[in-house]
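The model is shown first.

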Amino acid sequence: MPKKSPGERRLELMQGTLDMMILRALTWGPQHGHGIGQWIRAGSEDLLQIEHGSLYPALHRLERQGRIAAEWKLTENKQRAKYYRLTPAGKRQLAAAHSRWAEIVAVIARVMGPA
C-alpha cells in the first residue's frame, strides 16, 4: 500500500476542540494568530491545518468571552500583529475542557475496545 502524503492524511477537527487547542497553545506564552496555527500544525505533525476562516473567529470569540486578551505588538520581522495571551478565565476553561476531553477519549476507547 502506498504511503499517504501529509496532505492526504489531514484530519478534520472535532467540534469544540479548536478553542481547547488555542488555549493550550497560549500556555507557552503570548502568541499571534499565525503562530498559534503553526503551533497546532506542528504539534499534529501536519495532520491538522487550521484555516484562517476558523482560527480568527475562534480567537475573537475567546477574546469576547474573556478567556484570552490581546494587544498589538511587533513581530520578529517588524510587522504589526495582535498577540493573544491566556487569562485566568482561559486557564480555568482549558482545565475544564481538558478534563472533559480526557473523559470522552476514555469512554470512546472503552466502546471501541475489543468486543
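Buried means under 20% relative accessible area, exposed over 50%, and partly exposed in between (1.4 Å probe, protein chains only). This is a predicted model, in which local features need pLDDT of at least 70, side-chain atom pairs count only at pLDDT 80 or more, and totals for chains, interfaces and linings use all residues. Residues are numbered from 1 along each chain as its sequence is written, and side-chain values use heavy atoms, with hydrogens and water left out.

Q: Is V107 buried, partly exposed or exposed, and at what relative accessibility?
A: V107 is placed in helix α5, residues 88-112; helices (H or I, at least four residues) and strands (E, at least two) are DSSP runs, numbered from the N terminus. V107 counts as partly exposed because its relative accessibility is 36%.

Q: Which residues make the nonpolar surface patch of about 490 Å²?
A: Patches are made of residues with over 30% relative accessible area and no salt bridge; like charges are joined within 9 Å, and nonpolar side chains (Val, Leu, Ile, Met, Phe, Trp, Tyr) within 5 Å. Accessible areas come from the Shrake-Rupley method with a 1.4 Å probe, and for residues only the protein chains shown count as cover. The patch is made by I104, V107, I108, V111 and M112.

Q: In what order do the elements of the protein chain run from the N terminus?
A: The secondary structure of the chain comes to five helices and three strands. From the N terminus on, the order is α-α-β-α-α-β-β-α.

Q: Where does K82, the salt-bridge partner of E63, lie?
A: The closest N and O atoms of E63 and K82 are 3.5 Å apart. The pair links distant parts of the chain, 19 residues apart: E63 is in helix α4, and K82 is in strand β3 (residues 80-86).

Q: How many salt bridges does the structure hold?
A: One of them joins the side chains of K73 and E71, at 4.0 Å from N to O. The structure holds four.
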